[in-house]
Amino acid sequence: MADPGALLAARSINMRFGALAVLEAVDFELAANAAVGIVGPNGAGKTTLLNVLAGALRPAAGRVHFRGTDITSLDAAERCRLGLARSHQVPRPFGGMTVFENLLVAASHGGGFGRAEAGARSVDALRLCGMLRLANRRAETLGLLDRKRLELARALVTDPQVLLLDEIGAGLTDGEAGELVATIRVLRERGIAIVWIEHIVHILIQVAERLVCMDAGRIIADGKPQAVLANAAVVDAYLGGRK
Amino acid sequence: MNLLELEQVEARHGLLVAVRGIDLRLGEGERLAIVGANGAGKTTLLRTIAGAHRAAAGRVVLDGTDITVVPAHRRAALGVALVPEGRRLFASMTIEENLRVAQSCGRTGPWDIDAVLEAFPQLKPRFKARAGSLSGGEQQATAIARALMANPRVLLLDEVSLGLSPLAVERVYASLQSLLRTGTAVVLVEQDLQRAMDTTDRIVCMLEGRIVGEGRTGQITREQIMQTYFGHRPADALPERVGTAP
């Protein structure tokens, strides 16, 4: 049974792709207003877990609860309207639309807001993500940092209680990643809980007060960042076992 | 003179800069390991050295000759061979045919069909089998043997243990150890740090497309390398870049 105090909880999640077990008996909980980082080597199951939480994948076994309600059978769009938003590893803005129009689509279809509120929320998200000056730019002309900002803003306009971020720092310079971290910190101050997969750990721990490390479809460590990073099983997962 | 030199090499995947400002030197016969977390740019760097990925900036120099814009097949003829991640064999061709394709680059040297079969005896009974029908370990052995058939001066090995059973990994590395004694320079990308340390003289750590530290294999610890994986820079982390290859 999931902790009734958890905002988001996944319990005994199993997931397979054909013969390959990608998630095995994974339990994960997120408290309200918490920020949790998920790390682990390639193929650990991190993105699959995020997809299960977001509703992009239905687990073979296990349940997902949000605010105490079983949402396992809900798809991603339904979960988005409940307050679960996500960003993707590779930003794919709606081409042929401006940045502002991208947000309007997300606010109205993802968040379910009417025209006026969708517009107001889009302006707020643009301001928050430092994109107001780019509102009328065609989204496909944006550089990588601005595409990542747009990805974040598009999730924000749906008014999420939980934001699921998948490698949003990948490919950015230290300076760019620092700007993104500053924005994500503001989101935390607004009370949005965050689950963030990231390989760039020194960026991640600027926001996350808790780290979860996955390996081969299982959670192998969960706790304060410094303790998790020093955990022998975590080191072995990244570097291979000692002889 | 160094055999291979990279000067401020940058490589991109669309908008993403995967490799940034890499300076790297490799001596004749030197064995270098590149380690780092997923997405650090290791594979892109190997592919850029091999000419399978275009450098967006910087220079790749082989034995004093700038090969930055030289296509991959001509680099193979100059002595740069890549064993790519995932093997990338010609699946419908036999082991023998895969090996003979590599021979067509025209380089001569100690490696011929007999020599590679001696190095990888597990391929002998399957010599006429189609590459697509081989086990993962046999495919990896074929991929390495194919690269050797080009008699390379620099052998680039990308994740040769990935997806193999522990026994197959043991066999591949046992064969690798024997070929490393022949004096071919090697750049090895390997997730298993112990294997990398056992196989090479020097380790370079990459993070977010950059080299963030390097050292001699006997002088650096797992803990120091782990720090670079996570982007920490405490006082006892890996030394900053140290000079050139011997």
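**Strand pairing and its setting**

A: In chain A, E6(A) and strand E7 (residues 162–166) are joined by 3 bridges and run parallel. Within this pair, A:Ala85 stands opposite A:Leu163 of E7(A). The model is predicted, so local features need pLDDT of at least 70 and side-chain atom pairs count only at pLDDT 80 or more, whereas totals for chains, interfaces and linings use all residues. Residues are numbered from 1 along each chain as its sequence is written, while chains are lettered from A and ligands numbered from 1 in the order in which they are written. Helices (H or I, at least four residues) and strands (E, at least two) are DSSP runs numbered from the N terminus, and two strands pair if DSSP finds at least two bridges between them.

The pair belongs to an open sheet of 6 strands in chain A, ordered E6-E7-E8-E3-E9-E10, with mixed pairing. Strand E6 (84–86) and strand E10 (218–223) of chain A stand at the edges with a single partner strand each, so one side of each has no neighbour in the sheet. From one strand to the next, the twist averages 20°.

Chain A is divided into domain 1 (1–83 + 160–243) and domain 2 (94–159); such bounds come from an automatic or database domain assignment. The C-alpha centres of these two domains of chain A lie 24 Å apart. Across their boundary, 12 residues of domain 1 of chain A are in contact with 14 residues of domain 2 of chain A (contact means C-beta atoms, placed from the backbone, within 7 Å). On the domain 1 side, helix H2 (76–82) and helix H6 (174–189) of chain A are the elements giving two or more residues. H6(A) gives the most, with 4 residues. By class, this side has 7 nonpolar, 3 polar and 2 charged residues; Ala, Val, Leu, Ile, Met, Phe, Trp, Tyr, Cys and Pro count as nonpolar, Asp, Glu, Lys and Arg as charged, and the others, Gly among them, as polar.

Chain A also meets chain B, in a contact that takes 19 residues from chain B and 17 residues from chain A. Strand E2 (16–26), helix H7 (193–199) and helix H8 (222–229) of chain B are the elements giving two or more residues to the chain B side. H8(B) gives the most to that side, with 4 residues. The chain B side divides into 9 nonpolar, 6 polar and 4 charged residues.

Helix H9 (residues 232–239) of chain A and H8(B) pack at an angle of about 75°, with their axes 11 Å apart. H9(A) is therefore roughly perpendicular to H8(B). Axes are lines fitted to C-alpha atoms, for helices over the stretch in contact, and angles run from 0 to 180 degrees between N-to-C directions; those under 35 degrees count as roughly parallel, over 145 as roughly antiparallel, 65 to 115 as roughly perpendicular and the rest as oblique. A:Val235, A:Tyr238 and A:Leu239 of H9(A) meet B:Arg222, B:Ile225, B:Met226 and B:Tyr229 of H8(B). The residues of this helix contact divide into 6 nonpolar, no polar and 1 charged.

E2 of chain B also belongs to an open, antiparallel sheet of 4 strands, in the order E2-E1-E4-E5 (chain B). Helix H1 (residues 42–50) of chain B lies across E1, E2 and E4 of chain B, at about 65° to E2(B).

Note on methods:
Contact = placed C-beta atoms within 7 Å.
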